[in-house]
Amino acid sequence: MKAASKKLTGSMFLVILAFAMLLTACGGSDKAEGGDAGGKEKGTELGIMWWGSQERHDATLEAMDLYSSEHPNITFTPQYTDWEGYWKKLPTLAASQSLPDILQMDAAYMQEYASRNVLAELSDSDLAEIIDKDLLELSKINGKLYGIPLSYNGTGLAYNKTELEEAGITLPVKDWTWEQFFEFALEAREKLPDGKYGIGDYTPIWDWYQAYQMSYDKGPLFKNGTELNIDKELWFKFQQTYADFREQNVVPDPQTMLSLVENDPVTDPIVSGKIMTRGVPVGSVGALNSMMPGKLALVNNPVGPAGGGWAQSTMYWSLSANSDNKEQSLEFLKWLVNDLESGKLLKTTRGIPINESVFDAIKGELTEGELMGVELYDIAIDKALPFSPAPSGWSDFIKTYEDTMTEVMFNKISLEKAYEIIVKKGEETTKSLSR
């Protein structure tokens, strides 16, 4: 029995050894397929996040599929939402250091997130071959680049030309003043049926008021990025106008207004037929027109003595400072901005392509709505004011502003009390900036 046992043990050893060699060989084969052996790069999965319309979502997904087909070692994990949802989600991801490798960034928030050290610096990324160096310089914060500019963008107002004409309402005209804008709202109230309005109530939207203040040459809400700069007289004049409009039913009631969601095919303010106008950036005109073809026309934002609205590059791609895939992410972004086939997929969903060769390649293929986006940029640019990003630490100020002015809409607090709260929060913000 002992001799037989030794023989059996030896056989078992040979079997185990052979099995181990087989596993090693299989492992080597796997490595050659997707690992380092054979000179092939290990597969990389890139997280990427953006905001926008469904049209932008679809186009971006198609572009990523194209890139993966050309670079089989690169795959993507996308996250996308609308504008409001994006800026609610991003602070949480930043605080937990769980940002994706690539994230869309807006100029208004760039300094805020750069100051948190959550964005990778891209100053040495050799982008001058595909993006004008002067534009790169303009995109820097304190001499450092934290985002790749994507497009020439701008903002204006889309209006339902069909319904306005049917109601006999005077149509908006290029370079209309704030006074004409408010007169338009009053005329629309007289001539439109109940439940339809000429303009929306954007009382809680801080930058709608900032646009008004800047158009009167009083500067942005935070001057030089550190100094609170609310012109009290202008602020009360503007807010009282909207308060009167709510009382006179010139704008939707607060509950209705807050239930509307831009770019939603059912609840979008203008698509739903409730409001005849709404703000729209260049990159969203095509999507909006596709939801109500043949009905829209465009005009620039109301202007004051200094001008109105803005028209420049404000949308960027940034990288997470904690990304382990910065090199692969940067190569993808260079391709996304520079590749002609990518440009044909994305078209103007993020504005007019920053790369002139890409724009030249696609302009003959643009839809009516996309061409309208280019038209909006051309309408806006001659009266456009400088884009004014707010300083780091302002996200809390914005939330206070929005929450406070929402209470004003519902008559829960007075304008005087709201002003007091907003100024106090603004001063707290500026103190934190000077530390």
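# Exercises on a predicted model

The model is predicted, so to speak of local features we need pLDDT of at least 70, and side-chain atom pairs count only at pLDDT 80 or more, while totals for chains, interfaces and linings use all residues. Residues are numbered from 1 along each chain as its sequence is written, and side-chain values use heavy atoms, without hydrogens or water.

**Exercise 1.** Find out where Thr203 sits, and whether it is buried or exposed.

*Solution.* 
- Go to the loop between helix H7 (178-191) and helix H8 (206-215): Thr203 is there. Helices (H or I, at least four residues) and strands (E, at least two) are DSSP runs, numbered from the N terminus.
- Check the accessibility: at a relative accessible area of 3%, Thr203 is buried (buried is under 20%, exposed over 50%, partly exposed in between, with a 1.4 Å probe and protein chains only).
- Look for another polar partner: the side chain of Arg246 is 2.9 Å from that of Thr203.
- Beyond four places in sequence, Thr203 has contacts (heavy atoms within 4.5 Å) that include Tyr242, Tyr401 and Met405.

**Exercise 2.** Which residues of H8 are buried, and what do they pack against?

*Solution.* 
- Count them up: nine of the ten residues in H8 are buried.
- Among them are Trp206, Trp208, Tyr209 and Met214.
- Their packing partners are H7, helix H9 (232-247) and helix H16 (394-409).

**Exercise 3.** In what order do the five strands of the open sheet stand, and which helices pack on them?

*Solution.* 
- Read the order off as E2-E1-E3-E11-E4, with mixed pairing (strands pair if DSSP finds at least two bridges between them).
- Now the edges: strand E2 (74-81) and strand E4 (148-149) have a single partner strand each, so one side of each has no neighbour in the sheet.
- Zoom in on strand E1 (residues 44-51), which runs parallel to E3 and is joined to E3 by two bridges. Met49 faces Leu103 in E3.
- Helix H2 (residues 54-70) lies across E1, E2, E3 and strand E11 (315-319), at about 175° to E2. Helix H12 (residues 326-338) touches E1, E2, E3, E4 and E11, and makes about 160° with E11. Angles run from 0 to 180 degrees between N-to-C directions of axes fitted to C-alpha atoms, for helices over the stretch in contact.

**Exercise 4.** Which residues touch the most other members of the largest nonpolar core?

*Solution.* 
- A nonpolar core is a set of buried Ala, Val, Leu, Ile, Met, Phe, Trp, Tyr and Cys residues joined through side-chain atoms within 4.5 Å.
- In the largest one, with 101 residues, the answer is Met105, Trp235 and Phe332.
- H16 gives the largest share of this core, seven residues.
- Trp235 has contacts beyond four places in sequence with, among them, Tyr209, Tyr401 and Ile422.

**Exercise 5.** Over which residues does pLDDT stay under 50?

*Solution.* 
- Start with the whole chain: pLDDT (the predictor's confidence in each residue, from 0 to 100) averages 87, and 87% of the residues score at least 70.
- The stretch you want is residues 1-40, where the model has 13 contacts beyond four places in sequence.

Terms used:
Polar contact = N/O pair within 3.5 Å; in protein donor to acceptor, adjacent residues only side chain to side chain.
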